[in-house]
Amino acid sequence: MLRAMTTAASGMKAQQTNIDTIANNLANVNTTGYKKSHAEFQDLLYESIVPTGRASGDAEPTRVEIGHGVKLVATNKQFSQGLIRQTSNPLDLMVEGDGFFQVRLPDGSIGYSRDGSFKLDAERNLVTSSGYLLEPPIQIPQDATEINIARDGTVSVLLAGNTSTVQDVGNIELARFPNAGGLMARGGNVFLQSPASGQPQLSTPGLDGLGEIASGFLEMSNVETVEELVSMISAQRAYELNARTISAADEMLSTVNQLKR
Amino acid sequence: MLKGLRTAETAMNIQMNRTNVLANNLANVNTTGFKRMLTQVTERSAAPNDQGLGGGQAARAVPGNVRDLILDMRAPIDMTQGGLRETGNSTDVALQGEGLFKVRRNGEEYYTRSGAFTLNDTRELVTMEGDQVLGTGGPITLPQGELLIRNDGTIIVNGAEAGRLSVVKFDDPSRLRHVGTTLFGAPDDMPAQPLGADVVSLAQGVLEQSNVNPIDTMVSMIAAQRAFEMESKVMQTADRTLDQAVNKLSSRA
């Protein structure tokens, strides 16, 4: 009897995680470069039981399997392209297609991001909104009057007093993974490499299947509110169903208690 | 007299197991590719109880002979199609109509309706648990590039064919067994039969949802709970009758 209770409890826990994931997606509906997650579930192990009252040597296929509920197996990140927003700021970059910007995290390791809203720091290096350096680092000269970032990631500037020659100051490289869905979200719009993601492959934007870079645009979140709200309704109702199972099991146990007066 | 007690006990056990199966169905109402288990309770009479009414061949001819009631519960897997949910994820596939995907875990083959696939670090197509998804030529490794999965299961990357998902069927799918993690195992005497490209119908970017119907399941659960209560009354009545027989009758003597 108690099995139905723990089974329902596993269902409630799973739906709670489902709601948590949906809530996080909805909270990030306006986050630049955010990629939505979706909770995936699987059923738990089954136990074969022989029902009581069965005659021995029974030829009928009366095997009964009783499952133990449900478990969360993955929060699967979906790297579909987010909405595009035009900003006309040359330092706002968007990857059109596959690929991540690389940023140098404070601990020296490399993080990967789809958020291309770059700024300049005090040394005029390209940094993310959180202040992480773009990797490889790109420094804009003090006297640059105009910055241009080409679709292949070449960063060039026009220097003051010289309007005819463009000067290259660096190239933006993009990284791609065998399995981007396996990346670990670190927060701050940054993903980290994990055993599931595989090794990053670096290349020039537009080559080797990587997307090109669009300057003056930002990639917004790929969360779709209607889809999330529908998932939320379904998760909440599933939660209630499992709660109802627990009260049914409880009432049955109470019936058992009343058997013996 | 004790027979009534035993019959009620059997019936209560069965309603309990039924509730357990229904609870598992409800817990998996949002599990991709989950197939619900039906609960079928059947009753049938056992052989006449020879000890009960004097025994022997003669007793069997007596009308109204008391027979043991045997209750059986079956919980076959119901393979009906679940609803489809669009995800837009290129490695998500849903089968429409008959068929099961084939996956390999620890060298053993299992079958699943859940097409929530992903890639691993070597770009093999795997399930969320990391089990290899099998194509007609074994595990499927995908080159980098745009992935297209055709209606018949053919996998195309950057315009070139990269394999075909293996889709199989069974003579009697209700004989499959659940092994957890939305996989099914097949008994040894029921081999998987590959489905031809002309009969397979699947959709990319879509997942098949659980086929649990919350209304049906809830109704069955209420029915199971009430049947359980009813049987408990049978047990209490049997108990009271025994009480009368043992305590009241003997006190008059």
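How far apart do the C-alpha centres of domain 1 of chain A and domain 2 of chain A lie? They lie 41 Å apart.

This is a predicted model, in which local features need pLDDT of at least 70 and side-chain atom pairs count only at pLDDT 80 or more, while totals for chains, interfaces and linings use all residues. Residues are numbered from 1 along each chain as its sequence is written, chains are lettered from A and ligands numbered from 1 in the order in which they are written, and side-chain values use heavy atoms, with hydrogens and water left out.

**View 1. The two domains of chain A.** Domain 1 covers 2–79 + 223–257, and domain 2 covers 84–219. These bounds come from an automatic or database domain assignment. In chain A, 6 residues of domain 1 are in contact with 11 residues of domain 2. Contact means heavy atoms within 4.5 Å. The area buried between these two domains of chain A is about 810 Å². Carbon and sulfur atoms give 59% of that area. T32(A), K77(A) and F79(A) supply 64% of what domain 1 of chain A buries against domain 2, more than any other three residues. Buried area is the accessible area (1.4 Å probe) that two parts lose on being put together, summed over both.

**View 2. Polar links between the domains of chain A.** The count between domain 1 and domain 2 of chain A is 1 salt bridge (a side-chain nitrogen of Lys or Arg within 4 Å of a carboxyl oxygen of Asp or Glu). The side chains of K35(A) and E219(A) meet in a salt bridge, at 2.5 Å from N to O. By class, the side of domain 1 of chain A that touches domain 2 has 1 nonpolar, 3 polar and 2 charged residues. Ala, Val, Leu, Ile, Met, Phe, Trp, Tyr, Cys and Pro count as nonpolar; Asp, Glu, Lys and Arg as charged; the others, Gly among them, as polar.

**View 3. Chain A against chain B.** Here 64 residues of chain A are in contact with 64 residues of chain B. The two chains bury about 5200 Å² between them, 51% of it on carbon and sulfur atoms.

**View 4. The salt bridge between chains A and B.** Across this interface the rule finds 1 salt bridge. The side chains of K71(A) and E129(B) meet in a salt bridge, at 3.2 Å from N to O.
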